[in-house]
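Student: Hi! I would like to learn how to read a protein model. Could you go through one with me?

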Number of protein chains: 2
Amino acid sequence: MGQVTNTNARFIAECLAPSGIDLYHQSVVGDNPKRLTELIRTALHRADVVILSGGLGPTDDDLTKETAAEALGLSLTFYPGEWARIEAYFAKTGRTPAPNNRKQAMFPRPCRILPNPNGTAPGCIMEKDGKAAILLPGPPRELEPMFRDHAMPYLLERSGHKLYSRELRIFGIGESDVTYRLDDLMKAQTNPTIAPYAKTGEVTLRITARCGSAAEGEALVLPVIRTIRERLGDAVYSDRGEPLPLVCHNALIARGETLSVAESCTGGLLSSAFVDLPGSSAYFVEGAVTYANEAKMRRLGVSEATLETHGAVSEQCAREMAEGLRARTGTTYALATTGIAGPDGGTPEKPVGTVYVALASERGTVVKRLALQGDRTRIRTVTVLHILDIFRRNIFTY
Amino acid sequence: MGQVTNTNARFIAECLAPSGIDLYHQSVVGDNPKRLTELIRTALHRADVVILSGGLGPTDDDLTKETAAEALGLSLTFYPGEWARIEAYFAKTGRTPAPNNRKQAMFPRPCRILPNPNGTAPGCIMEKDGKAAILLPGPPRELEPMFRDHAMPYLLERSGHKLYSRELRIFGIGESDVTYRLDDLMKAQTNPTIAPYAKTGEVTLRITARCGSAAEGEALVLPVIRTIRERLGDAVYSDRGEPLPLVCHNALIARGETLSVAESCTGGLLSSAFVDLPGSSAYFVEGAVTYANEAKMRRLGVSEATLETHGAVSEQCAREMAEGLRARTGTTYALATTGIAGPDGGTPEKPVGTVYVALASERGTVVKRLALQGDRTRIRTVTVLHILDIFRRNIFTY
């Protein structure tokens with residue numbers, strides 16, 4: 001009915017991609033016995049392993065296990081141990097299972113039963129004549145850990161591989177430019193693999209090696225990371241998948257320094273990026289969302305002359321916002337943003353997307369003019385990334 | 001490879017759900033000629049209409065159109081008019097098409113060509129012997145408008161229906177409680193249909209009627225909206241799909257009133273919800289992210305005695321934050337949030353999720369204690385919804 005986005009398919013594909021196990025088909029079908037049977041038979045016919053998600057619940061609509069077993073020519077029997085586990089799961093939340101739930105303790109014999117710490121339905125792996133069906137629960141918070149902890153090790157064992165993975169985060173170079181600069185590496189890749197993922201305003205590369213051990217995996221991945229760092233320079237801000245706010249957060253905590261933030265066009269987004277991180281109270285002293293000129297003057301001490309002569313979206317105003325806030329709070333650093341996020345307010349000299357960001361510290365004040373593309377939300381989001389990027393480069397230089 | 005989540009499948013399913021057109025199968029396959037041919041043949045065999053997305057680009061990998069035409073027994077011919085349109089699309093961005101792009105002007109004859117204002121690849125509808133294949137480009141920002149503007153009208157024309165839809169937004173009642181209270185309506189539904197969608201902390205209901213005209217659709221939908229409003233009361237805050245910040249934003253603009261915001265645990269999220277809306281400069285005067293106690297005292301005038309006696313997470317502190325900010329800014333309303341978002345900082349009296357929100361106006365100050373569940377991000381997000389809900393109820397009462 002379109003109420004749920006199938007993130008399980010993407011998650012499983014992403015896990016399988018570097019493993020050398022080819023994923024050829026993804027199919028979605030409703031809880032209809034005839035269509036489900038037909039689909040499972042087709043899938044088992046065309047692949048060695050079929051991964052099924054959903055339909056492991058207690059109701060009559062939940063048919064996946066029965067249908068898969070029948071397609072493999074296996075029959076289900078009652079597992080008292082699994083039933084005890086289901087009763088214990090219910091007891092934890094003060095409930096008792098319904099008779100219907102007994103279905104969830106039925107499996108072929110033999111069968112690998114996959115424990116589900118996050119729900120009542122255990123998963124399982126059924127095998128017959130070299131074919132396998134891996135049955136997983138539908139909710140992502142149940143499926144994802146079960147796939148990672150049980151299905152993936154089974155698949156890697158079948159294929160004789162282990163995986164080792166690292167995530168590079170990049171700001172300041174677009175995805176097409178990243179792939180252009182790494183074209184030869186990406187075309188030649190077999191092991192490790194290099195997979196790019198574009199987020200708003202930034203690029204992530206996942207480097208994954210098939211290997212016999214973590215040490216061997218690291219030995220395969222590290223030279224690739226080194227080469228990529230040589231090509232992309234300090235645009236690479238993490239090789240362990242940390243997002244930009246976390247990189248700044250960790251640096252502030254490690255250095256025992258403090259921060260305050262003055263925001264106009266980002267309107268609280270920048271403060272929020274820090275406050276969202278547990279432990280930010282150690283350094284985050286204050287944020288000022290000074291969207292109105294009056295607030296810029298009263299709270300930050302921006303001069304009326306600056307606002308009149310240069311306007312609120314100007315290098316001078318950004319500088320005075322950061323310096324004014326830092327003077328008032330006494331923090332090690334103060335950050336400021338002011339810009340035209342649109343859709344209105346643009347002029348020929350300062351079109352929508354014109355943003356100034358500033359960083360003030362005892363070492364002086366850095367101001368940068370940005371010319372950003374996109375809608376209001378994108379301009380605000382990318383502004384936050386730019387000032388964080390300036391901030392981390394500045395911190396790491398000293 | 002798991003780099004993209006298939007949102008097209010969900011989007012199409014959501015559009016089709018209320019139309020009475022049954023969606024039985026969704027399949028995903030790579031750009032492999034053999035597997036693609038097999039899949040398209042199977043799909044055309046088991047359905048009247050097959051919707052295909054992706055593979056309409058200019059490269060050799062883009063096979064969808066050729067494969068679908070072959071499966072239907074149609075051959076492709078060159079359409080000079082489409083070629084001119086593609087050249088014009090390139091010219092707009094100062095480029096010229098490559099010879100490869102000629103592929104994108106090849107279609108069967110006859111064929112309904114679907115214009116693509118957001119990319120180079122036109123879509124199309126091919127028909128043969130009562131079967132149809134609808135070909136759409138892959139990127140959601142190209143597919144979604146093309147599906148809505150061209151494919152959906154074609155499908156409704158085939159099925160003899162129109163659709164009329166309204167979205168109810170609800171805060172303060174959980175999804176299971178909403179569906180419980182509307183159980184009889186939802187079970188009896190045929191036309192209009194009622195589809196619930198849960199978002200973080202709120203519930204949305206889409207009411208959609210199959211109808212001959214918009215007026216007839218409205219006549220079918222409005223009585224259902226009236227019944228739902230009777231059952232759910234003022235938890236329904238919009239029947240036109242406006243999110244909570246927008247409802248408050250519109251009310252503030254209509255009333256010519258002003259707003260300031262003091263945030264502790266939400267750390268800028270609440271300010272940002274307003275600043276994200278174009279036109280918010282009309283009323284949004286100032287936000288203060290006073291995460292540190294020192295900032296609560298200096299910027300808002302919270303008393304040291306309050307912080308010592310009651311702590312920063314207390315009714316008194318929330319009240320003083322809102323009242324202090326309103327006194328300093330002179331705005332019609334001031335909102336404040338203070339709470340323990342976790343993961344640390346909880347105590348037996350004030351566990352993680354304890355949050356106080358306050359609204360100050362000339363009519364006095366309202367403070368509410370919340371006991372929220374979930375992780376740090378969820379607690380912060382739901383806090384914002386709660387204070388916005390208090391705000392809109394307060395505004396609409398006067």
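Student: How many residues of domain 2 of chain A are in contact with residues of domain 3 of chain A?

Tutor: Let us start with what the picture is. This is a predicted model, in which local features need pLDDT of at least 70 and side-chain atom pairs count only at pLDDT 80 or more, while totals for chains, interfaces and linings use all residues. Residues are numbered from 1 along each chain as its sequence is written, and chains are lettered from A and ligands numbered from 1 in the order in which they are written. Two residues are in contact if their C-beta atoms, placed from the backbone, lie within 7 Å. Here, eight residues of domain 2 of chain A touch nine residues of domain 3 of chain A. On the domain 2 side, two are nonpolar, four polar and two charged. For these classes, Ala, Val, Leu, Ile, Met, Phe, Trp, Tyr, Cys and Pro count as nonpolar, Asp, Glu, Lys and Arg as charged, and the others, Gly among them, as polar.

Student: How many helices and strands does chain A have, and how do I read its overall shape?

Tutor: Helices (H or I, at least four residues) and strands (E, at least two) are DSSP runs, numbered from the N terminus. Chain A has 14 helices and 16 strands. For shape, we use the radius of gyration, taken over C-alpha atoms, and a globule rule of 2.2 Å times the number of residues to the power 0.38. Chain A has a radius of gyration of 27 Å, well over the 21 Å that the rule gives for 398 residues, so chain A is more spread out than a compact globule. Along the principal axes, its C-alpha atoms fill a box of roughly 85 × 50 × 40 Å.

Student: How many residues of chain B are in contact with chain A?

Tutor: There are 50 residues of chain B in contact with 50 residues of chain A. Several elements of chain B each supply at least two residues to this side, including α1 (7-16), β1 (25-29) and α14 (376-397). By class, the chain B side has 23 nonpolar, 17 polar and ten charged residues.

Student: Which strand of chain B is joined to β1 of chain A?

Tutor: Two strands pair if DSSP finds at least two bridges between them. Five bridges join β1 (residues 25-29) of chain A to β1(B), and the two strands run antiparallel. Ser27(A) has Ser27(B) as its bridge partner.

Student: Is Asp129(A) buried or exposed?

Tutor: A residue is buried if 20 or more other C-beta atoms, placed from the backbone, lie within 10 Å of its own, exposed if 12 or fewer, and partly exposed in between. Asp129(A) is exposed, with 7 other C-beta atoms within 10 Å. Asp129(A) also has a positive phi of about 50° although it is not a glycine.
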